Amino acid sequence: MQTLLSFLCDKLTQAIALSWGNSLSPEEQKADVAPCLQEEFGHYQCNSALRLAKKLGQNPRAVAQKIAEHFDSSFCEKVEIAGPGFINFTLSASFLSQELQAQLLDPLLGAERPPKRKK
């Protein structure tokens, strides 16, 4: 089962790939996502626009805006650009409810199995 953090990272990586395609390597397209440390900003934040702006030679807020335009936000209550180019995400209650329900039905409660079985 995929964690919320990895799910959001995958969606943002897709948005970055759609925005700049071949001008960035696959490693450069990988999104930087972290949980928000301050609750008023949302659940998660993406810092990739700051890194990509330097690489692309563009304004970080413009880079963040382009990422947000290509981002599938159907599961978010709110997506906003803050400060010099942070993208903050607040997940919708219905999406969180579905994810929790899926974890409850999972025999491992959403935990991943280790890559190699240990004795």
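**Nonpolar core and sheet of the predicted model**

The largest nonpolar core holds 24 residues, and L8, L12, I67, F71 and F89 have the most contacts inside it. Such a core is a set of buried Ala, Val, Leu, Ile, Met, Phe, Trp, Tyr and Cys residues joined through side-chain atoms within 4.5 Å, where buried means under 20% relative accessible area (1.4 Å probe, protein chains only). Two or more residues come from each of α1 (4-20), β2, α3 (48-56), α4 and β4, with α1 giving the most, 6 residues. Helices (H or I, at least four residues) and strands (E, at least two) are DSSP runs, numbered from the N terminus. Beyond its neighbours within four places in sequence, L12 is in contact (heavy atoms within 4.5 Å) with A31, V33, C46, I67, F71 and F89.

This is a predicted model, with local features needing pLDDT of at least 70 and side-chain atom pairs counting only at pLDDT 80 or more, while totals for chains, interfaces and linings use all residues. Residues are numbered from 1 along each chain as its sequence is written, and side-chain values use heavy atoms, leaving out hydrogens and water.

Turning to the sheet, its 4 strands form an open, antiparallel arrangement in the order β1-β2-β4-β3; strands pair if DSSP finds at least two bridges between them. β1 (33-35) and β3 (76-82) are the edge strands, each pairing on one side only. Strands β2 (residues 44-46) and β4 (residues 86-91) pair over 3 bridges, and Q45 stands opposite N88 in β4. β3 and β4 are joined in the antiparallel sense over 6 bridges, with A82 opposite F86 in β4.

Terms used:
Buried means under 20% relative accessible area, exposed over 50%, partly exposed in between (1.4 Å probe, protein chains only).
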